[in-house]
Amino acid sequence: MSFDSIILIIEQALYLLILLKVILSYFMDPFHPIRQSIDRLIEPLLRPIRQVVPSFGRFDFSPLILLILVQIVGAILRNIL
């Protein structure tokens, strides 16, 4: 297994977890164990973005920004290695 494929797997896993966090935040209780597990993994990545980018009313764009950053960092790492 090459570094490219490992980076791609990590990138896709993060992408999926971010999307799950957003979707589950609309339908699932915040105290549900599955949602808490996903939040424990993703919130530390979202927190610094939220400190820089303000929310616009009820809209939180930090997950979208994190998705873009994950793709950019993944592409940079694949090009370097």
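A residue is called buried here when its relative accessible area is under 20%, exposed when that area is over 50%, and partly exposed in between (1.4 Å probe, protein chains only). With that in hand, let's walk through the structure. It is a predicted model, in which local features need pLDDT of at least 70 and side-chain atom pairs count only at pLDDT 80 or more, while totals for chains, interfaces and linings use all residues. Residues are numbered from 1 along each chain as its sequence is written, and side-chain values use heavy atoms, with hydrogens and water left out.

Helices are DSSP runs (H or I, at least four residues), numbered from the N terminus.

Which residues of helix 3 are buried? They are Ser62, Pro63, Leu66, Leu67, Val70 and Gly74. These residues sit on the same side of helix 3, because they cover an arc of only 140° around the axis, taking the directions from the helix axis to the C-beta atoms. The general rule behind such a pattern is that an α-helix has 3.6 residues a turn, so residues three or four places apart point the same way. On the face turned away from the buried side of helix 3 you will find the exposed residues Asn79 and Ile80. The cover over the buried residues includes helix 1 (3-27) and helix 2 (33-52).

Next, look at what lies between these elements. A nonpolar core is a set of buried Ala, Val, Leu, Ile, Met, Phe, Trp, Tyr and Cys residues joined through side-chain atoms within 4.5 Å. The largest one has nine residues: Ile18, Leu24, Ile38, Ile42, Leu46, Ile49, Leu66, Leu67 and Val70. Helices 1, 2 and 3 each supply at least two of its residues, and helix 2 gives the largest share, four. For a close-up, take Ile49: leaving out residues up to four places away in sequence, Ile49 touches Ser62, Ile65, Leu66 and Leu69, where contact means heavy atoms within 4.5 Å.

Charged side chains are worth a look too. Counting a salt bridge as a side-chain nitrogen of Lys or Arg within 4 Å of a carboxyl oxygen of Asp or Glu, the whole structure has six. In one of them, Asp39 pairs with Lys21, with the closest N and O atoms 3.0 Å apart. Asp39 lies in helix 2 and Lys21 in helix 1, so this pair ties together parts that are 18 residues apart in sequence. Both partners count as buried, Asp39 at 16% relative accessibility and Lys21 at 11%.

Glu43, buried at 19%, meets Arg50 in another salt bridge (2.7 Å, N to O). Arg50 is partly exposed at 33%, and Arg50 also forms a salt bridge with Asp60, at 2.9 Å between the closest N and O atoms. Through shared partners, Lys21, Arg35, Asp39, Glu43, Arg50 and Asp60 are joined into one network.

Finally, visit Glu11 in helix 1. Glu11 counts as buried, at 13% relative accessibility. Which residues is Glu11 in contact with, leaving aside neighbours within four places in sequence? Its contacts are Val70, Gln71, Gly74, Ala75 and Arg78.
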